[in-house]
Amino acid sequence: MDLRRWRRAEGLTAAEFGRRVGASGESISCYERGTRRPRPEIARRIEEETRGMVAASSLLGLGNSGGPAVRENAKPFDSGSDVPVKVPEHLLRLAEDYGLDVPALLAEGGIDAVAEAGRKAFYEANKDAIEANRRHVEKYGTFAERHGVFPNR
């Protein structure tokens, strides 16, 4: 079942449902329209809140909706087990770049560790710029605030 149908059947607004799962109503609407994907932790909370009626995997674009569940350029990864696993090529490269043990990640179901390592590496590489931007926003406000895009907030 899709998120919007479930939420409406429960008689909840996007804002009400968002408060339950730790997201804004605007974010919930974006997830419903498919214009944005939730973070994995929010997708998991949505699945829990909907009692499994809305799958986190579908919100994250991992479900099989008639097409392949992984990128076409995925290559099989065989760790010696009976079950070969397809891992997108770009994730294998990232895992290797971050010094992660791919077989251990797959055995533990920890492919999310690749994404987390990527976030950490991005932050480390850009921490000066991120901090400068944070100070700038604290001092001058956001572009929207400076130009009255959200005048009632």
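**View 1. Lining of the second largest pocket in the predicted model.** Its lining comprises 5 nonpolar, 2 polar and 4 charged residues (nonpolar: Ala, Val, Leu, Ile, Met, Phe, Trp, Tyr, Cys and Pro; charged: Asp, Glu, Lys and Arg; polar: the others, Gly among them). The lining residues are Met1, Asp2, Leu3, Tyr31, Glu32, Gly34, Arg36, Arg37, Val54, Ser58 and Leu59. Two or more of the lining residues come from each of α3 (25-33) and α5 (56-59) (helices are DSSP runs of H or I, at least four residues, numbered from the N terminus). The second largest pocket holds about 160 Å³ of space. A pocket is an open set of points on a 1 Å grid where a 1.4 Å probe fits, with protein on both sides within 12 Å along at least five of seven lines; lining residues have an atom within 4 Å of a point. Volume is the space filled by probe spheres set on the points, which are joined across faces, edges and corners.

The model is predicted, with pLDDT of at least 70 needed for local features and 80 or more for side-chain atom pairs, while totals for chains, interfaces and linings use all residues. Residues are numbered from 1 along each chain as its sequence is written, and side-chain values use heavy atoms, without hydrogens and water.

View 2. Thr50 lies in the loop between α4 (40-49) and α5. Thr50 counts as buried because its relative accessibility is 0% (buried: under 20% relative accessible area, 1.4 Å probe, protein chains only). Leaving out residues up to four places away in sequence, Thr50 touches Leu3, Trp6 and Phe17 (contact: heavy atoms within 4.5 Å).

**View 3. Contacts of Leu3.** Beyond four places in sequence, Leu3 touches Phe17, Ile28, Tyr31, Glu32, Ile46, Thr50, Val54 and Leu59.

Conventions. Buried means under 20% relative accessible area, exposed over 50%, partly exposed in between (1.4 Å probe, protein chains only).
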